[in-house]
Each structure stands twice: as structure tokens, then as C-alpha cells.
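I've kept them to a few numbered points.

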Amino acid sequence: MSVLVNLIVTLGMLLIVPAGLRLMEAPELDTIRRLWPVFALPGAVCLWLPRGVPAVTLAACYALGTVLLALHAPRRLLRTRSAAPAEIAVLTALASPSVAALALVAERAGHRLFGFGLDILTLTVPHFHFAGFAAALVAGLVCRTVDRPAARFAALSVPLGTLLVLLGYFLDDWAELAGALVLTAGMWAVALLTWRDVAAERHDRPTRALLAVSAAVLVATMLLALSWALGEATGLPHPNLTWMAATHGLGNALGFALCSVLAWRRLKEPVT
């Protein structure tokens, strides 16, 4: 499982986050966009080192970059003074990599942060790159594009569900299940709107295909997330963490996040 999770996180650090930042229409992010490889490359390298001082040092370098990114969230809020659903989604995307980086530093140090096992810390890293950053960003983009109540619901419920899942780590499995339900509802709303409204526009065939794949994958991957959370809460049979990484994790990374950022980049900068 560790090799697969490391590959997924590497994709998030080196491709999904910088590509997502370019989709944010925010000139104030220009500096962190340019500097991102300086922080992300050490972060990616630390994943493949044994736990210890070198790995922690490189992870801390990545954490510094994520903190600099997260600081843009309160600045943006003070500048816009907006609590619109799309803005909440963007603020969530800006802050989420720092949560992942905190878990990464602790895991690389072998430290049970807040008492969580190292396996939970390991999985927190991809969760907040893909559910926290990529899903919130895409929900915000959909909300800005589609003027429907369902779009506003998605832009609010994805950040809320991500937060509830995080709180569930501290409370119990039932709270985590509640978070998974909210997050799944938001992600399925994103999938429906992507398929029905965004992909239905007269875009070129590759863009429509990328949007269609991202929407279809969400249906399956979020069902897996629900089955895991329900099993953890009730004791019913459910996939183990290795199986979840190979299905839910890989599907969300490649099928949803990668396809989404590629499609939205084509929408922002049409390819002829």
C-alpha cells in the first residue's frame, strides 16, 4: 500500500496542486505558483526515504510551502469579504494542503500526532490533497460556471464534508460516517453537474471525454468511501485500507482529480 499511496501523493504534490493553482483567477498567487516546485520536490522525495531526520527535513520544507499557500486564505477573505459558496470552496482548497503537510511531517518523524496511528496519518496526506484541495477546487469551479442551487450545495458540502471527516478522526467512526455522507452528496452533485451542464456544452471531444470520465469515476469512488465508513462504524464487512488505496484512492487521483484539472485547464485555455 505504501508504494501506491506515495505515487498518489507525488501526483498530488507535483501536478494536481500546481495545476489547480493555475485555475484560480488570483494574481496574488503568482509568487507561490512560481515557487511551488521548490517546496513540492523535497516533499515528493521525502515520501521515498525511511523515517528519520532527512525525511522530516524535506517534509518540513513542503510544509512551509503549504503554510505560505494557506496564508492566502485569510488574506483573500479579508479582501473579498465574501462567504459565497464558490469562495468557501476556494478557501478550503487553499488551506487543505497544509493539513496534509502537518500529517506528513508527523508520519515521517514516526510521531503519533494527536494519538493517531501512522497508517491514518499516511492516508490523511492524500485525502487532503484530493478531497481537500482538488475536490473543493472543482466544486468551486462548477459553482462559478453553473448557476443552480445544486452547484451552490456542492460548493458548500464538499468543504463541510471534508471538515466533518477530519473531525471524525477526533470523535468516533459515526462522526466520520456523517462526514462521508455529506462529502459524498457534494461529490455526486459535482459529478451530476459536470455531466449534465459542463460537459454538455459545445466543447471539443477531448474536453468532454475528460469531464465525462471525472464525473463517472466519482460515482464509484464515493460509493467505496461510503462502504468503508459504514463498515468502520457498524462492523459490517468492508474493503481494507490496501483495497481502498488501490480503488478509491487511485480512482480519485487519476480518474477524478487529474481528468478534472486537465479538462478545466482546456476550458480556461481552449485547445484548438
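**Notes on the helices and two loop residues**

1. Let's start in a loop: Phe114 lies between α5 and α6, with helices (H or I, at least four residues) taken as DSSP runs and numbered from the N terminus. Phe114 isn't a glycine, yet its phi is positive, at about 55 degrees. With 58% relative accessibility, Phe114 counts as exposed; the scale is buried under 20% relative accessible area, exposed over 50%, and partly exposed in between (1.4 Å probe, protein chains only).

2. Before going on, some housekeeping: this is a predicted model, where local features need pLDDT of at least 70 and side-chain atom pairs count only at pLDDT 80 or more, while totals for chains, interfaces and linings use all residues. Residues are numbered from 1 along each chain as its sequence is written, and side-chain values use heavy atoms, leaving out hydrogens and water.

3. Arg81 sits in the loop between α4 (72-80) and α5, and its phi is near 50 degrees, a positive value in a residue other than glycine. At 69% relative accessibility, Arg81 counts as exposed. As background, most residues other than glycine have a negative phi.

4. Next, α2 and α3. The axes of α2 (residues 30-46) and α3 (residues 53-70) come within 7 Å and cross at roughly 150 degrees; axes here are lines fitted to C-alpha atoms, for helices over the stretch in contact, with angles running from 0 to 180 degrees between N-to-C directions. That makes α2 roughly antiparallel to α3 (under 35 degrees is roughly parallel, over 145 roughly antiparallel, 65 to 115 roughly perpendicular, the rest oblique). The crossing is left-handed, as the near helix is turned anticlockwise from the far one by less than a right angle.

5. What meets what in that pair? On the α2 side, the residues include Trp36, Phe39 and Pro42, and they face a set in α3 that includes Leu58, Tyr62 and Leu69, where contact means heavy atoms within 4.5 Å. By class, the contact of α2 with α3 has 16 nonpolar, 3 polar and no charged residues (Ala, Val, Leu, Ile, Met, Phe, Trp, Tyr, Cys and Pro count as nonpolar, Asp, Glu, Lys and Arg as charged, and the others, Gly among them, as polar).

6. Also in α3 is Val67, which counts as partly exposed at 41% relative accessibility. Its C-alpha atom is separated by 5.6 Å from that of Ser98, 31 residues apart along the chain.

7. On to α6 (118-145) and α8 (173-198). Their axes come within 10 Å and cross at roughly 45 degrees, which makes α6 oblique to α8. The crossing is left-handed. Among the residues that meet are His127 and Val138 in α6, and Leu183 and Met187 in α8. By class, this contact has 9 nonpolar, 2 polar and no charged residues.

8. α7 (residues 149-170) has 22 residues, and at 1.5 Å a residue it should span 32 Å; the end C-alpha atoms are 32 Å apart, which agrees. The expected span is 1.5 Å times one less than the number of residues. Buried residues in α7 include Ala151, Pro159, Gly161 and Tyr169, and what covers the buried residues includes α5 (85-109), α6 and α8.

9. Finally, the axes of α9 (residues 205-234) and α10 (residues 241-268) come within 8 Å and cross at roughly 150 degrees. That makes α9 roughly antiparallel to α10, and the crossing is left-handed. By class, their contact has 18 nonpolar, 9 polar and 1 charged residues.
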